[in-house]
Amino acid sequence: CHMGIDHDEWAMYNTSIHGASYEAESARMDWGKKLKKGNYRVPTCAYCHMQNGDHNPQRFGTIYSDMGMFQVDRGAPKHKAKRDSWIKLCQDCHSPRFAADKLKEMDAGVNLSFTKWREAAAVIVGCYLDGVVDPMPEGSAPDWYGHYTFSLLPGGDPRFYATSNLERLGLEMICYLTGNVYKAYAHMSMYNQTYGNGSAFEQDRKLVEIKTEAAKLRRFAAIEKKIGLEHKSADFWKH
(Lines give C-alpha, C1' and ligand atoms only; values in the text may rest on other atoms or scores of the structure.)
Protein backbone atom coordinates (compact mmCIF):
# COMPACT_ATOMS: atom_id res chain seq x y z
CA CYS A 1 0.00 0.00 0.00
CA HIS A 2 2.96 2.35 0.34
CA MET A 3 4.69 2.00 -3.01
CA GLY A 4 3.78 3.36 -6.41
CA ILE A 5 3.51 6.78 -7.94
CA ASP A 6 0.25 7.80 -6.25
CA HIS A 7 1.30 6.91 -2.69
CA ASP A 8 5.06 6.63 -2.75
CA GLU A 9 5.76 6.79 0.98
CA TRP A 10 8.55 4.21 0.74
CA ALA A 11 10.47 6.24 -1.83
CA MET A 12 10.05 9.36 0.29
CA TYR A 13 11.39 7.60 3.37
CA ASN A 14 14.14 5.80 1.47
CA THR A 15 15.55 9.05 0.05
CA SER A 16 15.46 10.89 3.38
CA ILE A 17 18.29 11.08 5.91
CA HIS A 18 16.40 8.51 7.97
CA GLY A 19 16.11 6.18 4.98
CA ALA A 20 19.75 6.57 3.98
CA SER A 21 20.81 5.79 7.56
CA TYR A 22 18.52 2.75 7.59
CA GLU A 23 20.10 1.39 4.40
CA ALA A 24 23.57 1.90 5.86
CA GLU A 25 22.93 0.40 9.29
CA SER A 26 19.95 -1.98 9.11
CA ALA A 27 22.09 -5.11 8.72
CA ARG A 28 23.74 -4.37 12.08
CA MET A 29 20.56 -3.53 13.99
CA ASP A 30 19.04 -5.85 16.57
CA TRP A 31 15.48 -6.13 15.30
CA GLY A 32 14.44 -8.12 18.35
CA LYS A 33 14.37 -5.00 20.49
CA LYS A 34 11.14 -3.17 21.22
CA LEU A 35 10.36 0.01 19.30
CA LYS A 36 11.36 2.26 22.16
CA LYS A 37 13.58 5.30 22.58
CA GLY A 38 17.25 4.37 22.64
CA ASN A 39 16.85 0.96 21.00
CA TYR A 40 17.36 2.15 17.41
CA ARG A 41 19.51 4.82 15.82
CA VAL A 42 17.06 5.20 12.94
CA PRO A 43 13.24 5.42 12.97
CA THR A 44 11.53 2.91 10.69
CA CYS A 45 7.98 2.90 9.30
CA ALA A 46 6.77 0.88 12.28
CA TYR A 47 8.65 3.01 14.82
CA CYS A 48 6.67 6.10 13.81
CA HIS A 49 3.39 4.71 12.48
CA MET A 50 2.76 1.60 14.62
CA GLN A 51 3.62 2.88 18.06
CA ASN A 52 3.13 0.42 20.93
CA GLY A 53 2.21 -2.28 18.43
CA ASP A 54 -0.89 -0.45 17.19
CA HIS A 55 -1.67 -1.74 13.69
CA ASN A 56 -3.77 1.27 12.68
CA PRO A 57 -1.12 3.46 11.03
CA GLN A 58 -3.59 6.30 10.42
CA ARG A 59 -3.72 6.83 14.17
CA PHE A 60 -0.08 7.85 14.03
CA GLY A 61 -0.10 9.71 10.72
CA THR A 62 -0.60 13.38 10.06
CA ILE A 63 -4.11 14.62 9.31
CA TYR A 64 -5.60 12.35 6.62
CA SER A 65 -6.39 14.08 3.33
CA ASP A 66 -7.06 11.34 0.74
CA MET A 67 -3.36 10.59 0.20
CA GLY A 68 -2.54 14.31 0.26
CA MET A 69 -4.98 15.29 -2.50
CA PHE A 70 -6.79 17.86 -0.33
CA GLN A 71 -5.20 20.86 1.31
CA VAL A 72 -5.17 20.69 5.10
CA ASP A 73 -3.70 23.21 7.53
CA ARG A 74 -1.98 20.67 9.76
CA GLY A 75 -0.58 23.47 11.93
CA ALA A 76 -4.04 24.85 12.77
CA PRO A 77 -5.08 25.05 16.45
CA LYS A 78 -7.70 22.33 15.97
CA HIS A 79 -4.92 19.91 15.00
CA LYS A 80 -2.62 20.91 17.89
CA ALA A 81 -2.91 17.57 19.69
CA LYS A 82 -1.81 15.68 16.58
CA ARG A 83 1.06 18.12 15.96
CA ASP A 84 2.21 17.91 19.58
CA SER A 85 2.19 14.10 19.45
CA TRP A 86 4.55 14.16 16.46
CA ILE A 87 6.88 16.63 18.13
CA LYS A 88 6.94 14.37 21.18
CA LEU A 89 7.82 11.33 19.07
CA CYS A 90 10.56 13.20 17.22
CA GLN A 91 12.06 14.11 20.60
CA ASP A 92 13.27 10.52 20.85
CA CYS A 93 16.16 11.81 18.71
CA HIS A 94 15.69 15.55 18.09
CA SER A 95 14.99 18.73 20.00
CA PRO A 96 11.35 19.91 20.08
CA ARG A 97 12.35 23.10 18.28
CA PHE A 98 13.95 21.17 15.43
CA ALA A 99 10.90 18.91 15.09
CA ALA A 100 8.47 21.84 15.14
CA ASP A 101 10.50 23.70 12.51
CA LYS A 102 10.49 20.68 10.18
CA LEU A 103 6.73 20.32 10.50
CA LYS A 104 6.30 24.03 9.72
CA GLU A 105 8.44 23.48 6.62
CA MET A 106 5.98 20.76 5.61
CA ASP A 107 3.07 23.17 6.05
CA ALA A 108 4.75 25.79 3.86
CA GLY A 109 5.67 23.26 1.16
CA VAL A 110 2.13 21.86 1.03
CA ASN A 111 0.62 25.34 0.80
CA LEU A 112 2.92 26.24 -2.09
CA SER A 113 2.13 23.02 -3.96
CA PHE A 114 -1.61 23.68 -3.69
CA THR A 115 -1.10 27.20 -5.04
CA LYS A 116 0.16 25.53 -8.22
CA TRP A 117 -2.72 23.06 -8.22
CA ARG A 118 -5.34 25.80 -7.89
CA GLU A 119 -3.82 27.53 -10.91
CA ALA A 120 -3.98 24.29 -12.89
CA ALA A 121 -7.56 23.57 -11.81
CA ALA A 122 -8.66 27.06 -12.89
CA VAL A 123 -7.16 26.49 -16.35
CA ILE A 124 -8.86 23.10 -16.71
CA VAL A 125 -12.28 24.21 -15.48
CA GLY A 126 -12.05 27.35 -17.64
CA CYS A 127 -11.67 25.19 -20.74
CA TYR A 128 -14.70 23.13 -19.71
CA LEU A 129 -16.84 26.23 -19.13
CA ASP A 130 -15.87 27.52 -22.58
CA GLY A 131 -16.75 24.16 -24.14
CA VAL A 132 -13.35 23.45 -25.66
CA VAL A 133 -12.44 20.24 -23.78
CA ASP A 134 -12.25 17.18 -26.04
CA PRO A 135 -14.17 15.14 -25.22
CA MET A 136 -16.72 17.04 -23.18
CA PRO A 137 -18.44 14.86 -20.53
CA GLU A 138 -21.44 14.10 -22.74
CA GLY A 139 -19.09 12.86 -25.47
CA SER A 140 -17.30 10.34 -23.27
CA ALA A 141 -18.23 7.17 -21.43
CA PRO A 142 -20.01 7.63 -18.09
CA ASP A 143 -17.92 7.40 -14.95
CA TRP A 144 -18.31 4.39 -12.70
CA TYR A 145 -21.27 6.05 -10.98
CA GLY A 146 -23.02 6.35 -14.34
CA HIS A 147 -22.63 10.13 -14.40
CA TYR A 148 -21.55 12.48 -17.18
CA THR A 149 -20.35 15.22 -14.81
CA PHE A 150 -17.09 17.05 -15.52
CA SER A 151 -14.44 15.51 -13.28
CA LEU A 152 -13.42 18.68 -11.42
CA LEU A 153 -16.95 19.85 -10.64
CA PRO A 154 -19.02 18.78 -7.60
CA GLY A 155 -20.31 15.28 -8.24
CA GLY A 156 -17.61 14.61 -10.81
CA ASP A 157 -15.32 11.63 -10.52
CA PRO A 158 -11.66 12.01 -11.56
CA ARG A 159 -10.56 9.02 -13.61
CA PHE A 160 -7.67 7.70 -15.64
CA TYR A 161 -9.67 6.21 -18.51
CA ALA A 162 -12.08 7.50 -21.21
CA THR A 163 -11.38 11.11 -20.29
CA SER A 164 -9.86 14.12 -21.96
CA ASN A 165 -6.11 14.55 -21.98
CA LEU A 166 -6.54 17.81 -20.08
CA GLU A 167 -8.43 16.11 -17.25
CA ARG A 168 -5.96 13.24 -17.18
CA LEU A 169 -3.05 15.66 -16.83
CA GLY A 170 -4.89 17.36 -13.99
CA LEU A 171 -5.48 14.07 -12.20
CA GLU A 172 -1.80 13.17 -12.53
CA MET A 173 -0.86 16.53 -11.03
CA ILE A 174 -3.10 16.30 -7.98
CA CYS A 175 -2.92 12.55 -7.38
CA TYR A 176 0.68 11.80 -8.29
CA LEU A 177 2.56 15.03 -7.70
CA THR A 178 0.74 17.31 -5.26
CA GLY A 179 0.16 14.38 -2.92
CA ASN A 180 3.76 13.26 -3.14
CA VAL A 181 5.15 16.73 -2.42
CA TYR A 182 3.33 16.51 0.91
CA LYS A 183 4.69 13.01 1.55
CA ALA A 184 8.22 14.12 0.72
CA TYR A 185 8.00 16.90 3.31
CA ALA A 186 6.35 14.61 5.86
CA HIS A 187 9.28 12.18 5.57
CA MET A 188 11.91 14.95 5.26
CA SER A 189 13.07 13.81 1.84
CA MET A 190 14.77 16.95 0.61
CA TYR A 191 15.53 15.32 -2.76
CA ASN A 192 11.91 14.45 -3.49
CA GLN A 193 10.66 17.80 -2.21
CA THR A 194 12.43 19.44 -5.13
CA TYR A 195 14.21 17.42 -7.82
CA GLY A 196 13.08 13.83 -7.39
CA ASN A 197 10.06 11.57 -7.84
CA GLY A 198 6.74 13.38 -7.61
CA SER A 199 8.59 16.56 -6.72
CA ALA A 200 7.89 20.26 -6.94
CA PHE A 201 9.93 20.44 -10.16
CA GLU A 202 7.79 17.68 -11.70
CA GLN A 203 4.71 19.54 -10.51
CA ASP A 204 5.96 22.65 -12.32
CA ARG A 205 6.41 20.60 -15.48
CA LYS A 206 2.88 19.19 -15.23
CA LEU A 207 1.47 22.71 -14.89
CA VAL A 208 3.27 23.64 -18.12
CA GLU A 209 1.76 20.59 -19.85
CA ILE A 210 -1.73 21.55 -18.67
CA LYS A 211 -1.35 25.12 -19.91
CA THR A 212 0.04 23.89 -23.23
CA GLU A 213 -2.89 21.51 -23.73
CA ALA A 214 -5.37 24.25 -22.80
CA ALA A 215 -3.78 26.69 -25.25
CA LYS A 216 -3.93 24.05 -27.99
CA LEU A 217 -7.61 23.33 -27.35
CA ARG A 218 -8.48 27.02 -27.44
CA ARG A 219 -6.50 27.52 -30.64
CA PHE A 220 -8.29 24.62 -32.35
CA ALA A 221 -11.66 25.93 -31.17
CA ALA A 222 -10.90 29.40 -32.57
CA ILE A 223 -9.89 27.95 -35.95
CA GLU A 224 -12.99 25.73 -36.10
CA LYS A 225 -15.22 28.70 -35.32
CA LYS A 226 -13.56 30.85 -37.98
CA ILE A 227 -13.98 28.26 -40.74
CA GLY A 228 -17.43 27.16 -39.59
CA LEU A 229 -16.46 23.62 -38.60
CA GLU A 230 -18.58 21.98 -35.91
CA HIS A 231 -16.35 19.56 -34.05
CA LYS A 232 -17.74 16.28 -32.75
CA SER A 233 -15.75 14.07 -30.38
CA ALA A 234 -14.70 10.71 -31.79
CA ASP A 235 -16.85 7.71 -30.88
CA PHE A 236 -13.91 5.86 -29.31
CA TRP A 237 -14.15 8.14 -26.27
CA LYS A 238 -17.41 6.39 -25.35
CA HIS A 239 -15.75 3.04 -24.68
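These are my notebook entries on what I looked up in this predicted model.

**Ground rules.** I number residues from 1 along each chain as its sequence is written, and side-chain values use heavy atoms, with hydrogens and water left out. Since the model is predicted, local features need pLDDT of at least 70 and side-chain atom pairs count only at pLDDT 80 or more, while totals for chains, interfaces and linings use all residues.

**The chain as a whole.** I found 8 helices and 0 strands, where helices (H or I, at least four residues) and strands (E, at least two) are DSSP runs numbered from the N terminus. The C-alpha atoms fill a box of roughly 75 × 35 × 30 Å along the principal axes. Of the 239 residues, 42% count as buried, meaning under 20% relative accessible area with a 1.4 Å probe and protein chains only. I also looked at contacts, that is, heavy atoms within 4.5 Å: among those between residues at least 6 apart in sequence, 58% join residues at least 24 apart.

**The largest nonpolar core.** I took a nonpolar core to be a set of buried Ala, Val, Leu, Ile, Met, Phe, Trp, Tyr and Cys residues joined through side-chain atoms within 4.5 Å. The largest one has 36 residues, and Trp117, Leu166 and Ile210 touch the most other members. Two or more residues each come from α3 (45-49), α4 (80-90), α5 (96-129), α6 (165-186) and α8 (200-227), and α5 gives the largest share with 12 residues. Setting aside neighbours within four places in sequence, I saw Trp117 in contact with Leu152, Gly170, Met173, Ile174 and Thr178.

**The largest pocket.** On a 1 Å grid over the protein atoms alone, a pocket is an open set of points with protein on both sides within 12 Å along at least five of seven lines, a cavity is a set where a 1.4 Å probe fits but cannot get out, and lining residues have an atom within 4 Å of a point. Grid points are joined across faces, edges and corners, and a volume is the space filled by probe spheres set on the points. The largest pocket holds about 1,100 Å³, and of its 43 lining residues, Glu9, His49, Gly61, Trp86 and His187 lie nearest the centre. The lining divides into 26 nonpolar, 12 polar and 5 charged residues, where Ala, Val, Leu, Ile, Met, Phe, Trp, Tyr, Cys and Pro count as nonpolar, Asp, Glu, Lys and Arg as charged, and the others, Gly among them, as polar.

**The second largest pocket.** Here I noted a volume of about 390 Å³ and 19 lining residues, with Val132, Val133, Asp134, His231 and Ser233 nearest the centre. Helix α8 supplies the largest share, 6 residues, and the lining has 7 nonpolar, 5 polar and 7 charged residues.

**Cavities.** I counted 4 cavities of 30 Å³ or more. About 80 Å³ lies in the largest, where Pro137, Ser140, Thr149, Arg159 and Glu167 are nearest the centre among 15 lining residues.

Is Ser16, with its relative accessible area of 2%, buried or exposed? I read Ser16 as buried, because its relative accessible area is 2%. Ser16 sits in the loop between α1 and α2 (17-25) and, not counting residues up to four places away in sequence, touches His187, Met188 and Ser189.

Key:
Buried < 20%, exposed > 50% of the residue type's maximum accessible area, 1.4 Å probe, protein only.
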